[in-house]
Amino acid sequence: MSSYSHILTRRAFLRSSLASGVALSGLGALPGLAQSSGDVSQALLPPDANGLRLLPGFRSRVVARSGEPPTRNSSYRWHAAPDGGAVFPTPQGGWVYVSNSEMNDGAGGVGALRFSPSGEVEDAYPILQGTTRNCAGGAMPWNTWLSCEEFDRGQVWECDPFGERAPVLRSALGTFNHEAAALDTRSGLIYLTEDERDGRLYRFVAERFVRSGVPDLAAGQLEVARMDINGMVDWLPLPDPLASSQATRDQVRQSTAFNGGEGMVYANGKLVFTTKGDNRVWSYDAEAGQMSVIYDPETHSNPILSGVDNLALTPMGSYAVAEDGGDMQIVVLTPQGRVVPLVQVIGQDDSEIAGPAFSPDWSRLYFSSQRGTSGRSENGITYEITGPFAL
């Protein structure tokens, strides 16, 4: 996330009207939600002991704090400014949550929390160190994490969540103000967002595949999107992905600017990503080559989502959108454009929510408050929410 302010301000009140007894399509019947009416913020309970407003039937715990070892047997102190994250299953039936560190001047990287099958934190360790402003990224189905650096000369690092292999610099994915990455599992293309006011949307076409469904990230063509007035998209080759003499976003004059590209996920042929400068959520139909906007507060009937940032898929195929600012919520957005708050962090107005990711069985949601109650990077907090996310 860059530091420039949001163009759109937060609406003062949540203005939703859900029909009684109707669960949101693509969301599932979350407790207390189907029966709510009027202001949907009433679906969230008062703050719990951790300062989180949750839906009925959910509970929270803190799993890590910046500067502190998450477990007694770990020498790794949880990193400052926790940002984008993802979950990977372990062969033993547990899982690993990886989390970027958005620190400047080589103080960034990626940390990992290893959980047992019962959900206890077993270990914590770094999987990438010495990098800069690791912001968002993307989980690859071959069990690696693409960690993206958010600065002018930022690059992408492929990391092993289990800490057994050294991270690999993937320079073929371009040099720019990286934000997020997502794999189109049908085509093997990797899409990338750029966090600039006039940022671009890119895709990487690998020269070859290591094996079925696994593109070789060492070599290929980086392309940039051009969108016409009807939302149709074509892709133009980028002359110099390493930006040796000109910023990538300036190299192809016909390419389309997106205002502050942020989080991104892919599912069922759709690439969904956010742009915080105009507070929109976009959906790109890769097969049809068609772009559309599925959330825009200027036209939405219930504009409760502000500071759109990181994304995670929910069990029912909706999108959990973390707010950078706003009123510190994670808001669920269905493919049909309906919105409902899932959790709200209270008393941390100078922070931002980052890194939402579900456990393999969908029963737990992880995320961080990047700067905690103090508003300082060294006071980040990483949470776990447990509950019936889909019934």
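Analyst: Start with strands: two strands pair if DSSP finds at least two bridges between them. Strands themselves are DSSP runs (E, at least two residues), numbered from the N terminus. This is a predicted model, in which local features need pLDDT of at least 70, side-chain atom pairs count only at pLDDT 80 or more, and totals for chains, interfaces and linings use all residues. Residues are numbered from 1 along each chain as its sequence is written, and side-chain values use heavy atoms, with hydrogens and water left out.

User: How many bridges join strand S13 to strand S16?

Analyst: Strands of a sheet pair through backbone hydrogen bonds, either parallel or antiparallel. Here S13 (residues 201-206) and S16 (residues 220-227) run antiparallel and are joined by five bridges. Within this pair, Tyr-202 stands opposite Val-224 in S16.

User: In what order do the strands of the open sheet stand?

Analyst: The order is S11-S12-S13-S16-S17, five strands with antiparallel pairing. S11 and S17 (233-237) are at the edges with a single partner strand each, so one side of each has no neighbour in the sheet.

User: Which strands pair with S5?

Analyst: S4 (residues 95-101) pairs with S5 through seven antiparallel bridges, and Asn-100 stands opposite Val-110 in S5. S6 (residues 121-131) pairs with S5 over eight bridges, also in the antiparallel sense; there Arg-114 stands opposite Asp-123 in S6. Both pairs form hairpins: six residues lie between S4 and S5, with Asp-105 in the turn at a positive phi of about 55 degrees, and five residues lie between S5 and S6, with Gly-119 in the turn at a positive phi of about 95 degrees.

User: Is strand S5 buried or exposed?

Analyst: Buried means under 20% relative accessible area, exposed over 50%, partly exposed in between (1.4 Å probe, protein chains only). In S5 (residues 108-115), eight of its eight residues are buried. Gly-108, Val-110, Ala-112 and Arg-114 point one way, while Gly-109, Gly-111, Leu-113 and Phe-115 point the other way.

Definitions and conventions: Helix = DSSP H or I, 4+ residues; strand = E, 2+ residues; numbered from the N terminus.
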